[in-house]
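Good morning, colleagues. Please take a moment with the sequence and the structure before I turn to the pocket, the core and the aromatic pairs.

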Amino acid sequence: YVTYRHRYGIDQVSTGFYDDFKVFGLSASYDNGGRYTFTLGRKINPYMANMGAMDGVQAAARLGKYQLGAFAGTRPDFNDFSFNAGLPQFGAFIARTDTLGGQAAQTSIAFAEQMNDFRTDRRFLYVQHNNSVLRNMNIFLSSEVDLFKNVNGITDLRPSLTSLYASLRYRVRKNLSVSASYDNRRNVIYYESYQTYVDQLLAQETRQGLRFQVNYSPLRFVSLNASAFLRYQGSNPSPTKNWTGAVNLSNLAGKGSYMSLTINVLESYYFKGTISGFRLSENLFKGRLNAEVQYRHVNYAFFSSESDLKQHIGGVNLSINLLKKTTLTCSYEGTFQQSGDWHRYFVTVIQRFKK
């Protein structure tokens with residue numbers, strides 16, 4: 001997974017090659033049927049997904065229900081995601097997978113030591129559990145416990161909970177599902193890389209979030225979605241609130257047509273606002289042309305300011321299948337408000353070599 005993106009017409013003095021060129025995944029693996037696996041390069045380990053991409057060697061062996069693994073290498077650079085030999089890391093993990101009635105439950109525990117110039121930057125445990133054993137229900141849990149601190153030259157090895165995340169999804173019936181999640185996290189601190197900012201990061205308060213969501217399809221071509229999100233931070237008695245709702249209608253004027261109506265209501269201690277809009281798309285000429293129109297209205301009121309933010313945002317998108325494997329997309333989006341207007345144009349060409 002490699003991308004190159006270059007912007008013309010802007011100041012290039014402070015822009016380097018690795019600001020445009022990104023390698024998110026590039027690796028080679030050997031697998032002898034599941035018993036042993038070796039990977040060389042940059043890759044995300046699914047048993048330690050929160051660590052992101054890792055450069056180096058990863059190895060794993062399967063022993064019955066258990067998967068034992070280790071890794072050694074480096075972390076991508078903080079600034080431009082390039083290779084950085086000065087950020088070594090190593091660790092190990094153990095995972096267990098159980099099945100019941102064709103459904104799986106997987107638990108993994110990982111240890112990681114991350115360094116900067118071979119001095120401990122961060123040391124932590126990572127725990128993850130994914131459970132789909134109960135019918136129509138999925139439970140996911142993850143947590144990180146830091147095992148190292150170094151503040152003003154004083155080392156502390158006592159464990160400290162950094163993050164806790166839990167989610168539950170339940171399908172009540174075929175056309176109705178509900179979900180809920182809880183998120184509690186502190187700042188991740190790299191004590192060598194963030195030396196200048198450690199005191200500031202330690203002072204920032206814990207962030208907690210609750211999310212609830214319902215999906216319902218009363219009819220074959222109609223689906224409804226509603227969600228509520230509450231976020232608490234430190235001593236602030238008033239949480240940030242976010243409510244969203246959507247109505248999705250498909251096959252309105254024939255196969256391939258689609259319309260959605262959305263509304264988003266936000267409220268925090270310093271502003272309150274709404275974003276409402278619609279999106280309408282239609283396939284024409286037997287699917288050779290897809291046309292889409294969208295509109296959003298933004299209305300924000302700031303408690304500490306007399307000026308409000310009101311915007312009208314509209315866009316048009318045309319996607320044309322020129323040849324069997326060639327697609328041309330032309331897009332326009334305009335933002336209109338009292339202080340001025342903005343216009344954006346995009347042209348995209350996609351060439352496929354296989355289906």
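This is a predicted model: local features need pLDDT of at least 70, side-chain atom pairs count only at pLDDT 80 or more; totals for chains, interfaces and linings use all residues.

**Pocket, core and ring pairs**

By class, the residues that line the largest pocket are 9 nonpolar, 4 polar and 4 charged. The pocket has a volume of about 310 Å³. Its lining comprises 17 residues, and those nearest the centre are N50, M51, G52, Q114 and Y190. At least two lining residues come from strand 6 (66-76), and at least two from strand 9 (119-131).

Let me move to the core. The largest nonpolar core has 12 residues, among them Y47, M51, F93 and Y126. Strands 5, 7, 8 and 9 each contribute at least two residues to this core. Leaving aside residues up to four places away in sequence, Y47 touches R62, Q67, F93, A95, Q106, S108, Y126 and Q128.

I come now to the aromatic rings. Across the whole structure, the search finds 19 aromatic pairs. The pair of Y47 and F93 is stacked, because the ring centres are 4.9 Å apart and the planes lie at 20 degrees. Y47 sits in the loop between strand 4 and strand 5, whereas F93 belongs to strand 7, so the pair ties together parts that are 46 residues apart in sequence. Both residues are buried.

Y190 and Y194 form an edge-to-face pair, since their ring centres are 5.5 Å apart and their planes are at 90 degrees. Y190 counts as buried, at 14% relative accessibility, while Y194 is partly exposed, at 25%. Finally, ring pairs link Y269, Y270, F271, Y300 and F302 into a cluster.

Key: Residues are numbered from 1 along each chain as its sequence is written. Side-chain values use heavy atoms; hydrogens and water are left out. On a 1 Å grid over the protein atoms alone, a cavity is a set of points where a 1.4 Å probe fits but cannot get out, and a pocket is an open set with protein on both sides within 12 Å along at least five of seven lines; lining residues have an atom within 4 Å of a point. Grid points are joined across faces, edges and corners, and a volume is the space filled by probe spheres set on the points. Helices (H or I, at least four residues) and strands (E, at least two) are DSSP runs, numbered from the N terminus. Ala, Val, Leu, Ile, Met, Phe, Trp, Tyr, Cys and Pro count as nonpolar, Asp, Glu, Lys and Arg as charged, and the others, Gly among them, as polar. A nonpolar core is a set of buried Ala, Val, Leu, Ile, Met, Phe, Trp, Tyr and Cys residues joined through side-chain atoms within 4.5 Å. Buried means under 20% relative accessible area, exposed over 50%, partly exposed in between (1.4 Å probe, protein chains only). Contact means heavy atoms within 4.5 Å. Rings of Phe, Tyr and Trp (its six-membered ring) pair if their centres lie within 6.5 Å; planes under 30 degrees apart count as stacked, over 60 as edge-to-face and the rest as tilted.
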